[in-house]
Every structure is written in structure tokens, then in C-alpha cells.
Amino acid sequence: MPYVLAILILLIVFILIRNIRIVQQAKAYVIERLGAYKTTWNVGLHLKVPFIERVAKIVTLKEQVADFPPQPVITKDNVTMQIDTVVYFQITDPKLYTYGIEQPMVAIENLAATTLRNIIGDLELDQCLTSRDIINTKMRAILDEATDPWGIKVNRVELKNILPPKEIQNAMEKQMKAERERREAILRAEGEKRAAILEAEGEKESAILRADAKKQQQILEAEGEAEAILKVQTATAEGIKLINEAAPTDAVLRIKALEAFAQAANGQSTKIIIPSEIQGLAGLAAGVVEAAKDGK
């Protein structure tokens with residue numbers, strides 16, 4: 001009898017240990033009692049009633065990523081493309097996630113495919129290629145609203161790849177090449193235009209500087225000549241003034257005239273007209289020179 005009691009106690013302890021659950025961070029346990037929903041266990045230590053309660057589902061509360069394969073969609077201008085989507089979602093209500101729908105991921109994939117077809121069907125090819133943000137926003141809003149009854153919150157939806165048909169890709173590459181060549185030609189023309197403008201402006205500024213330099217040179221030369229003439233006239237006036245102040249005699253004036261005549265005779269003139277006064281003065285000077293010689 002003691003052995004049976006000990007075995008019974010060990011069995012009870014074993015059963016209790018087997019029914020102890022530790023819920024980890026970012027996890028949730030959905031508990032059923034006799035087949036019906038009982039509660040949701042969050043982080044911590046919990047004890048399950050043996051043979052009556054069971055863990056129906058373990059749910060992760062982390063943000064999850066679902067990468068769906070490419071889906072064929074048709075644009076408004078009848079172009080068939082392959083588009084694959086990536087959905088970022090998070091379980092916010094473990095109970096609704098467990099009992100709301102049978103296969104939540106399959107439901108999200110099909111819902112994303114149908115929503116994508118509806119949105120792309122209203123857009124043309126160029127709009128699909130340039131309006132990714134708009135498409136992502138619309139899909140996120142629609143999926144988030146549709147998955148609320150399943151306890152799922154859709155945080156983001158991204159179009160991973162948009163693959164048009166091969167012939168459309170070739171046409172787009174040719175168009176892009178032509179556009180790049182056009183931009184290159186425009187940039188080259190603008191560069192040449194700018195270079196010509198700069199060259200013309202440089203020649204203009206150079207001509208202006210040369211004209212200013214020539215003008216300044218002519219002004220300086222004119223000022224120098226004027227200053228020289230002024231000095232000559234001033235010197236002449238000063239000489240006349242000094243002569244007048246000295247009150248020279250006729251003999252002195254005649255000698256000065258003779259000196260002036262001598263300077264004129266040393267010049268390039270081939271014909272000289274000698275005034276009568278200078279002629280008499282020259283004769284007088286010759287007589288004086290002869291008398292001096294005889295005295296010797």
C-alpha cells in the first residue's frame with residue numbers, strides 16, 4: 001500500500017509538471033477547455049488543468065514577412081505583367097487569428113493577388129512603373145481593413161518586382177537610350193553655348209580694357225605735352241621778364257640777336273635772311289676782331 005501511494009504521488013507530480021507552461025516573450029498561447037475557447041496566456045508561468053484544458057495554438061506576436069510569388073496582372077492598356085508582393089503583418093488578437101479563418105496566410109495571399117489585379121487594372125503601364133508608392137498605400141489600406149476580423153494588422157505592402165513582357169522591356173530600353181542621348185545633346189549644346197558666351201564676353205572685356213589703356217595713354221601723352229609746353233612758355237616768360245627787369249642796352253640786344261643768328265646758322269636751313277641791324281653788328285664785330293689781331 002505505501003508503494004502504491006508513493007507511485008500515485010509521483011504520478012500526480014509528473015502530471016502537474018507536464019502541465020506547467022512558460023510563455024516566452026512575443027508569444028501567446030490560446031487555451032481551450034473541453035473544446036471551447038477559455039483564455040489566452042501571455043508572458044509568464046501558467047498551469048494547465050490536466051485532461052480538461054489544452055493549448056489550441058501557439059501564436060507569435062512578432063512582425064512577420066510574407067513573400068508571395070509573382071502574379072500575372074493586366075494593365076488598363078492591356079499589358080500583362082508579373083508582379084510579386086511582400087506583405088509585412090503582425091498578429092494583434094490571437095483568439096481571432098485562431099478562430100477567425102482556417103488558413104490565414106493563404107487568405108492573405110489570395111486577397112493580395114485580387115487586390116493587386118483590381119488596382120493595376122485601373123492604371124496604364126507607365127503609371128504602374130512610376131506609382132509604386134500609391135499602389136503600396138492602396139493595397140495596405142485594403143488588406144488591413146480586410147484582415148481586421150482575423151486579428152491581423154497589415155503594416156506595409158511593397159511591390160518587389162514589376163516585370164513587363166520582353167518586347168516591352170526592349171522598347172523601354174530603346175526609349176531610355178534615346179532619352180539619354182537627347183539629354184546628352186542638350187547638355188553638349190548648352191555647354192557650347194555657354195563657352196561661346198564666355199569667349200565673347202572675354203573678347204568684349206579685353207577690347208574694353210585695350211580701349212581704356214589706349215585712352216589713358218593718350219591722356220597721359222597729352223598731359224605731358226601740355227605740361228612741357230607750359231614749362232617752355234613759363235621759362236620764356238620768365239626770361240623775358242628778367243630781360244625787361246635788367247633793362248638791356250641796344251648793344252646787348254644786338255649781341256643776343258647775333259647769338260640767335262649763330263644758332264640759326266648751325267641749323268638745317270639753306271636760306272637765311274639777315275636783318276640790316278644784324279649785318280651792321282656783324283661788321284662791327286669783324287672790325288673789333290681785326291683790331292685785336294693788329295694789336296698783337
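The model is a prediction in which local features are reported only at a pLDDT of at least 70 and side-chain atom pairs only at pLDDT 80 or more, whereas totals for chains, interfaces and linings use all residues. Residues are numbered from 1 along each chain as its sequence is written, and side-chain values use heavy atoms, with hydrogens and water left out.

The chain comprises eight helices and nine strands, both taken as DSSP runs numbered from the N terminus (helices H or I, at least four residues; strands E, at least two). Of its 296 residues, 20% are buried, where buried denotes under 20% relative accessible area, exposed over 50%, and partly exposed the range in between (1.4 Å probe, protein chains only). Among contacts (heavy atoms within 4.5 Å) with a separation of 6 or more, 62% are between residues 24 or more positions apart.

Helix H3 covers residues 104-120, and its 17 residues should span 24 Å at 1.5 Å a residue, which agrees with the 24 Å between its end C-alpha atoms; the expected span is 1.5 Å times one less than the number of residues. The buried residues of H3 are Pro104, Ala107, Ile108, Leu111, Ala112, Ala113, Thr115, Leu116, Ile119 and Ile120. The cover over these buried residues includes strands S7 (71-74), S8 (80-91) and S9 (152-163), together with helices H2 (94-99), H4 (125-130) and H5 (132-147).

In soluble globular proteins, nonpolar side chains tend to be buried together. The largest nonpolar core in the model contains 31 residues, and those with the most contacts inside it are Met81, Ile83, Leu116, Ile120, Ile135 and Met139. The elements that contribute two or more residues to this core are S8, H3, H4, H5 and S9, and the greatest contribution is that of H3, with seven residues. A core of this kind is a set of buried Ala, Val, Leu, Ile, Met, Phe, Trp, Tyr and Cys residues joined through side-chain atoms within 4.5 Å. When neighbours within four places in sequence are left aside, Ile135 is in contact with Leu116, Ile119, Ile120, Leu123, Cys128 and Leu159.

Nine salt bridges are present in the structure, each defined as a side-chain nitrogen of Lys or Arg within 4 Å of a carboxyl oxygen of Asp or Glu. One of them joins Arg54 to Glu32, with the closest N and O atoms 3.0 Å apart; because Arg54 lies in strand S5 and Glu32 in strand S2, this pair ties together parts that are 22 residues apart in sequence. Within the pair, Arg54 is partly exposed at 45% relative accessibility, while Glu32 is buried, with a relative accessible area of 7%. Glu53 and Arg33 form another salt bridge, in which the closest N and O atoms are 2.3 Å apart; Glu53 lies in S5 and Arg33 in S2, so this pair ties together parts that are 20 residues apart in sequence. Here Glu53 counts as buried at 8% relative accessibility, and Arg33 as partly exposed at 34%.

A further salt bridge links the side chains of Glu179 and Arg182 (2.5 Å, N to O), both of which lie in helix H6 (residues 166-246), three residues apart, or about one turn of the helix. Glu179 is partly exposed at 28% relative accessibility, as is Arg182 at 43%. Salt bridges that share partners also join Arg140, Asp144 and Lys153 into one network. Of these residues, Asp144 is found in helix H5 and counts as buried at 13% relative accessibility; apart from neighbours within four places in sequence, Asp144 is in contact with Ile152, Lys153 and Val154.

Two loop residues were also examined for backbone geometry. Leu34, although not a glycine, has a positive phi of about 55°; Leu34 is placed in the loop between strand S2 (27-33) and strand S3 (36-41) and counts as exposed at 70% relative accessibility. Phe51, likewise not a glycine, has a positive phi of about 65°; Phe51 is located in the loop between strand S4 (44-47) and strand S5 (53-60), and at 77% relative accessibility Phe51 counts as exposed.
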